[in-house]
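Here is a colleague's note for a student who is reading a protein structure for the first time. Please keep the structure open beside the text and find each residue as it is named.

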Amino acid sequence: MNILIGAKLKLLRKQEGLSQEQVGERLHISQSAYARIENGVSSSWAIHLDKISVLYNIKPEDLFKNENTIIRDIDKNKVASSFKNRNLITEKLIEEYQEKIRELKQKIDYLTSK
């Protein structure tokens, strides 16, 4: 669940054009603590759920829905941020894990060669 929530938070943050540091400041936590939330390592997002909801102008339950479509009015323009389904998030997570695996294989190869 932490991974799905983290992926949704990352998409919301990017939609708003915010950095992890900016979001961390608004939640009164460090950038690295917020990065752990987005990466699904930390479940401390639950502590900050009210602040997150206010920050992104969403209902708390929107983070838990599997097929989320969040539509908001920003500067009088309708902006649709879609979490069309789990596939979008799953594909993104797979790409991220594949990249991490490639990096780890390179490190293993490097260390093995020494």
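1. The side chains of K10 and E96 meet in a salt bridge, at 3.3 Å from N to O, where a salt bridge is a side-chain nitrogen of Lys or Arg within 4 Å of a carboxyl oxygen of Asp or Glu. K10 lies in helix 1 and E96 in helix 5 (residues 86–113), so the pair ties together parts that are 86 residues apart in sequence. E96 counts as partly exposed as well, at 24% relative accessibility.

2. Before going further, please note that this is a predicted model, in which local features need pLDDT of at least 70 and side-chain atom pairs count only at pLDDT 80 or more, whereas totals for chains, interfaces and linings use all residues. Residues are numbered from 1 along each chain as its sequence is written, and side-chain values use heavy atoms, with hydrogens and water left out.

3. The secondary structure of the protein comes to 5 helices and 2 strands, and along the sequence these follow the pattern α-α-α-α-β-β-α. Helices (H or I, at least four residues) and strands (E, at least two) are DSSP runs, numbered from the N terminus. Of the 114 residues in the protein, 32% are buried. Among contacts with a separation of 6 or more, residues 24 or more positions apart account for 53%, a contact being heavy atoms within 4.5 Å.

4. How many salt bridges does the rule give? The count comes to 3. Besides the pair in point 1, R13 forms a salt bridge with E38, with the closest N and O atoms 2.5 Å apart. This pair links distant parts of the chain, since R13 is in helix 1 and E38 in helix 3, 25 residues apart. R13 counts as buried at 8% relative accessibility, and E38 is buried too, with a relative accessible area of 5%.

5. R102 forms a salt bridge with E99, the closest N and O atoms being 3.1 Å apart. Both residues lie in helix 5, and their separation of 3 residues is about one turn of the helix. An α-helix has 3.6 residues a turn, so residues three or four places apart point the same way. R102 counts as partly exposed at 44% relative accessibility, and E99 is partly exposed with a relative accessible area of 35%.

6. Helix 3 (residues 31–38) deserves a careful look, with A33, Y34, A35, I37 and E38 buried in it. These buried residues pack against helix 1 (2–16), helix 2 (20–27) and helix 4 (49–56). The axes of helix 1 and helix 3 come within 7 Å and cross at roughly 120°; axes are lines fitted to C-alpha atoms, for helices over the stretch in contact, and angles run from 0 to 180 degrees between N-to-C directions. Helix 1 and helix 3 are therefore oblique to each other, because angles under 35 degrees count as roughly parallel, over 145 as roughly antiparallel, 65 to 115 as roughly perpendicular and the rest as oblique. On the helix 1 side N2, G6, A7, L9, K10 and R13 take part, and they meet Y34, I37 and E38 in helix 3.

7. Q31 lies in helix 3 and is partly exposed, with a relative accessible area of 35%. Leaving aside neighbours within four places in sequence, Q31 is in contact with Q20 and E21. The C-alpha atoms of Q31 and Q20 are separated by 5.6 Å, although the two residues are 11 residues apart along the chain.

8. H48, in the loop between helix 3 and helix 4, counts as buried at 11% relative accessibility, and beyond its neighbours within four places in sequence it is in contact with L27 and I29. H28, in the loop between helix 2 and helix 3, counts as exposed at 66% relative accessibility.

9. Which value of phi does H28 take? Phi of H28 is near 65°, a positive value in a residue other than glycine. N57, in the loop between helix 4 and strand 1 (68–74), likewise has a positive phi, near 55°. Most residues other than glycine have a negative phi.

Note on methods. Buried means under 20% relative accessible area, exposed over 50%, partly exposed in between (1.4 Å probe, protein chains only).
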